[in-house]
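Work through the exercises below with the sequence and the structure side by side. Try each task before reading its solution.

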Amino acid sequence: MPRQLNIEDVKPLIGNLSRSNYYQVQFGGLSPRLRGYLGSRGVDNAFISEDSGLLCYSAQLPGSSLAGTESTNFAGITETMAHRRVFTSLSLEFYCDTQYRSLKFLEHWMEYVASGNGFADYADRNYTYRMNYPNDPTSGYKCDSTKIYKFESSLERVMEYSFLGLFPINLSSTPVRYGPNSELTRVTCEFRYDRYIAGSILSYDTVRGFGNNLESGVTNAFSDLNFNGFTNTLNTINRIAGPVSDILNLFTN
Amino acid sequence: MALSKTLQYPTNIASGNNDYFMVGIFNYQPPGSGRRIGRDTDNRVLNITGSKGTRNLKRSLSNIILPMPDNISDSNAVTWDSDSLNSLQLAGINVAEDILTALKAENANKAEQLGKVVNKFFTGAGGAALDPTVRDAVKKSLIGEAINVVGGNIDAQSLISRTTGQVLNPNLELLFKGVILREFNYSFTLTPRDLNESNQIKQIISTLKQSMSAKKTASNGGGQGAFIQAPDVFQPVFMQGSRAHPFLYSIKQSALTGMNVNYIGTGSYATYGDGTPVKMQMQLRFRELSPVYNEDYRSVNDGVGF
């Protein structure tokens with residue numbers, strides 16, 4: 001039977017809905033050789049771990065599906081049993097700065113994937129592509145610490161997604177054209193990953209009871225006189241937010 | 001090339017409670033080694049050799065750990081076939097038995113005894129032959145067989161059917177004929193993720209190929225060049241963590257009778273920087289060394305048995 005509600009009943013819920021424009025993308029976990037490869041092309045570590053995420057103007061919180069298998073043991077009824085979790089690819093869109101670092105970041109990351117043959121005679125007509133190993137600890141092209149954070153203006157809670165085995169698989173052609181002077185260059189790239197984990201995977205957060213979106217950390221925090229749990233949350237938010245001046249500098253270029 | 005002790009792909013798949021497929025490699029021990037052929041260790045004749053499928057193998061030469069195959073199925077079968085035995089054949093068997101008895105009898109006139117046996121057959125001591133119809137059918141059957149001896153082509157059953165509208169009851173039954181050896185086909189997808197896994201895959205393929213090959217040098221010395229020695233044998237097992245898989249079937253010691261490797265699993269030639277193919281597919285065909293018997297299940301605690 002429906003429950004009779006007044007505006008005061010629903011206000012706490014409807015008045016606290018999440019806004020889609022509070023998020024941050026942060027790339028991380030690239031192998032040393034890949035970082036060096038990108039660094040030698042002007043894409044330094046600071047850009048990879050901070051600026052690239054800030055230039056990401058459109059992202060998605062990742063989704064997944066469950067592959068099912070059907071059983072018809074009961075007449076007229078089809079039962080479905082899940083047997084595999086399927087992770088969909090991730091599409092990110094970036095603004096391109098005047099140093100073209102967004103473009104270089106994605107272009108040369110993909111180039112690195114297929115650069116196992118080295119770059120001697122790169123322009124030779126008989127040059128062939130060989131792949132780099134995906135998970136080699138020093139030279140792999142997949143990264144394991146790319147994250148998407150979702151939060152609100154109040155910064156009270158953070159929803160964290162960690163991607164394992166992420167790499168770019170489809171860099172879309174970037175449209176450029178004559179037109180209004182205000183049009184920005186946008187880069188779109190599709191990423192594949194092995195899987196993602198919702199909630200923090202940091203060992204520190206796991207120990208504190210915050211890992212994998214566990215709420216036990218909040219209880220731990222309240223029981224702690226120094227309120228370290230909440231401090232930890234704020235630290236995470238500070239870690240992803242960065243100084244406002246840096247953001248302004250980035251977007252004015 | 002000496003075999004490496006333990007080879008594993010993917011790295012660390014045998015940790016935790018992961019499911020994986022393990023193959024132990026052993027030197028082949030002939031079933032009759034150390035005793036008279038056809039006899040067991042107590043010198044008893046006609047014992048079922050290796051009914052448990054174990055051949056007192058020594059320590060494994062190597063262990064190979066692989067991911068679970070892309071296809072896991074088993075097929076258990078025994079041979080049964082239809083068989084018939086009509087009353088004439090049955091009577092013939094009885095006569096043969098009586099003849100043997102008569103010939104073995106001591107202090108008796110063997111000719112007289114044989115005469116009694118033949119008389120017994122024709123007078124139908126079995127009861128059914130007393131019936132005139134049966135006696136007539138028997139007669140026609142024997143006539144047919146007699147004509148066949150001199151080059152005729154008459155089916156005794158047809159003759160009876162033509163004259164009486166009946167056929168001899170074939171007493172058709174499905175009878176057990178024997179056991180067969182099981183065969184297993186497994187397919188593995190090999191995609192090395194780093195240089196270490198590439199090396200492991202390379203060694204796994206090499207080890208399996210080497211171990212399934214016959215040996216030119218006899219280990220027991222002598223007769224070099226005159227004989228070739230059997231390849232190594234394999235003990236495949238499905239594992240979960242450090243124990244046998246709690247559900248899947250067990251496999252007896254087996255021979256690796258076939259191995260196929262497709263080095264272009266991507267559809268077109270593609271390699272890593274060191275030449276390792278990006279994707280390979282390996283198919284292994286095992287055949288058990290001994291059949292599965294009812295008693296084998298006594299030693300199985302978990303899973304579906306053999």
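**Exercise 1.** Decide whether B:Asn12 is buried, partly exposed or exposed.

Solution. This is a predicted model. Start with the place: B:Asn12 sits in the loop between E1 and E2 of chain B. Then take the relative accessibility, which is 51%. Exposed means over 50%. B:Asn12 therefore counts as exposed. Now check the backbone. B:Asn12 is not a glycine, yet its phi is positive, near 65°.

**Exercise 2.** Find the cis peptide bond that involves B:Pro10 and place B:Pro10 in the fold.

Solution. The bond joins B:Tyr9 and B:Pro10. Its omega is about -5°. B:Pro10 belongs to the loop between strand E1 (6-8) and E2 of chain B.

**Exercise 3.** Classify the exposure of A:Asn213 and describe its phi.

Solution. Locate A:Asn213 in the loop between helix H5 (203-208) and helix H6 (216-223) of chain A. Its phi is positive, about 65°, although the residue is not a glycine. The relative accessible area is 33%.

**Exercise 4.** Classify the aromatic pair of B:Phe21 and B:Phe188, and say which parts of chain B the pair ties together.

Solution. Take the geometry. The ring centres are 5.5 Å apart, and the planes make an angle of 40°. Planes under 30 degrees apart count as stacked, and over 60 as edge-to-face. The pair is therefore tilted. Next, the places. B:Phe21 lies in strand E2 (residues 19-26) of chain B, and B:Phe188 in strand E6 (residues 183-190) of chain B. The pair therefore ties together parts that are 167 residues apart in sequence. Both B:Phe21 and B:Phe188 are buried. Finally, widen the view. One aromatic cluster includes B:Phe21, B:Phe188, B:Phe184 and B:Tyr186. Over all chains, the structure holds 30 aromatic pairs.

**Exercise 5.** Work out the relation of helix H2 of chain A to helix H4 of chain A, and list the residues that make the contact.

Solution. H2(A) covers residues 32-39 and H4(A) residues 101-113. They pack at an angle of about 130°, with their axes 10 Å apart. That makes H2(A) oblique to H4(A). The crossing is right-handed. H2(A) contributes A:Arg33, A:Leu34, A:Tyr37 and A:Leu38. H4(A) contributes A:Lys104, A:Phe105, A:His108, A:Trp109, A:Glu111 and A:Tyr112. By class, the contact has 6 nonpolar, 1 polar and 3 charged residues.

**Exercise 6.** Repeat the analysis for helix H3 of chain A and H4(A).

Solution. H3(A) covers residues 45-54. H3(A) and H4(A) pack at about 120°, with their axes 11 Å apart. H3(A) is thus oblique to H4(A). This crossing is left-handed. On H3(A), the contact uses A:Phe47, A:Ile48, A:Asp51 and A:Ser52. On H4(A), it uses A:Arg101, A:Ser102 and A:Phe105. These residues divide into 3 nonpolar, 2 polar and 2 charged.

**Exercise 7.** State whether A:Phe163 is buried or exposed, and name some residues that it touches.

Solution. A:Phe163 is in strand E7 (residues 158-164) of chain A. Its relative accessible area is 0%, so A:Phe163 is buried. Beyond four places in sequence, A:Phe163 touches residues including A:Pro62, A:Leu90, A:Thr146 and A:Tyr193. A:Thr146 is 17 residues from A:Phe163 in sequence, and their C-alpha atoms are 5.4 Å apart.

Note on methods
Residues are numbered from 1 along each chain as its sequence is written. Chains are lettered from A and ligands numbered from 1 in the order in which they are written. This is a predicted model: local features need pLDDT of at least 70, side-chain atom pairs count only at pLDDT 80 or more; totals for chains, interfaces and linings use all residues. Side-chain values use heavy atoms; hydrogens and water are left out. Axes are lines fitted to C-alpha atoms, for helices over the stretch in contact, and angles run from 0 to 180 degrees between N-to-C directions. Helices (H or I, at least four residues) and strands (E, at least two) are DSSP runs, numbered from the N terminus. Angles under 35 degrees count as roughly parallel, over 145 as roughly antiparallel, 65 to 115 as roughly perpendicular and the rest as oblique. A crossing is left-handed if the near helix is turned anticlockwise from the far one by less than a right angle, and right-handed if clockwise. Contact means heavy atoms within 4.5 Å. Ala, Val, Leu, Ile, Met, Phe, Trp, Tyr, Cys and Pro count as nonpolar, Asp, Glu, Lys and Arg as charged, and the others, Gly among them, as polar. Rings of Phe, Tyr and Trp (its six-membered ring) pair if their centres lie within 6.5 Å; planes under 30 degrees apart count as stacked, over 60 as edge-to-face and the rest as tilted. Buried means under 20% relative accessible area, exposed over 50%, partly exposed in between (1.4 Å probe, protein chains only).
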